[in-house]
Amino acid sequence: MTIARIQESVAEHFKLAPSDLTGTSRVANVVWARQLAVHLSRELTDASLQRVGEAFGGRNHATVLHACRRVSDRISVNNGDAADLQRLKQIIGHQQS
């Protein structure tokens, strides 16, 4: 599994361009998609915080940790957000096969 593949899957799921996930947009749906992609990159790859940050437009390790924390917080209180995460894991899992 690669970070690039995760970025492509998340972008496609949210009907965004992969470049949206590496850009600087602060539009809510783009930020959420980016945070999910960062979270999945940490969970599904062996990449370091620094490597994940670099793959998402040169973000630092603190930003990567913040994104992971935000995803964990949101999925614990919002079933729709949790469903997004589960659906993305299924999509990415099927791509590995």
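Select Gln90 first: with a relative accessible area of 43%, Gln90 counts as partly exposed (buried means under 20% relative accessible area, exposed over 50%, partly exposed in between, using a 1.4 Å probe and protein chains only). Gln90 sits in helix α6. Helices here are DSSP runs of H or I with at least four residues, strands are E runs of at least two, and both are numbered from the N terminus.

A quick word on what you're looking at. This is a predicted model, where local features need a pLDDT of at least 70 and side-chain atom pairs count only at 80 or more, while totals for chains, interfaces and linings use all residues. Residues are numbered from 1 along each chain as its sequence is written, and side-chain values use heavy atoms, with hydrogens and water left out.

Next, colour by pLDDT, the predictor's confidence in each residue from 0 to 100. The chain averages 94, and 97% of the residues score at least 70. Where is confidence lowest, and where is it highest? Helix α6 (residues 79–96) has the lowest mean, 88, and helix α4 (residues 49–55) the highest, 97.

Now jump to Ser41, in helix α3 (residues 28–44). Is Ser41 buried or exposed? Its relative accessibility is 0%, so Ser41 counts as buried. Show its neighbours, taking contact as heavy atoms within 4.5 Å: leaving aside residues up to four places away in sequence, Ser41 touches Ile3, Ile6, Val52 and Phe56.

Follow the chain on past α1 and you meet Lys15, which has a positive phi, near 55°.

Finally, zoom out. How many helices and strands are there in the chain? You'll find 6 helices and 0 strands. The radius of gyration is 12 Å, close to the 13 Å that the globule rule gives for 97 residues, so the chain is as compact as a globular protein of that length (the radius is taken over C-alpha atoms, and the rule is 2.2 Å times the number of residues to the power 0.38). Along its principal axes, the C-alpha trace spans about 30 × 30 × 25 Å. Buried residues make up 36% of the 97.
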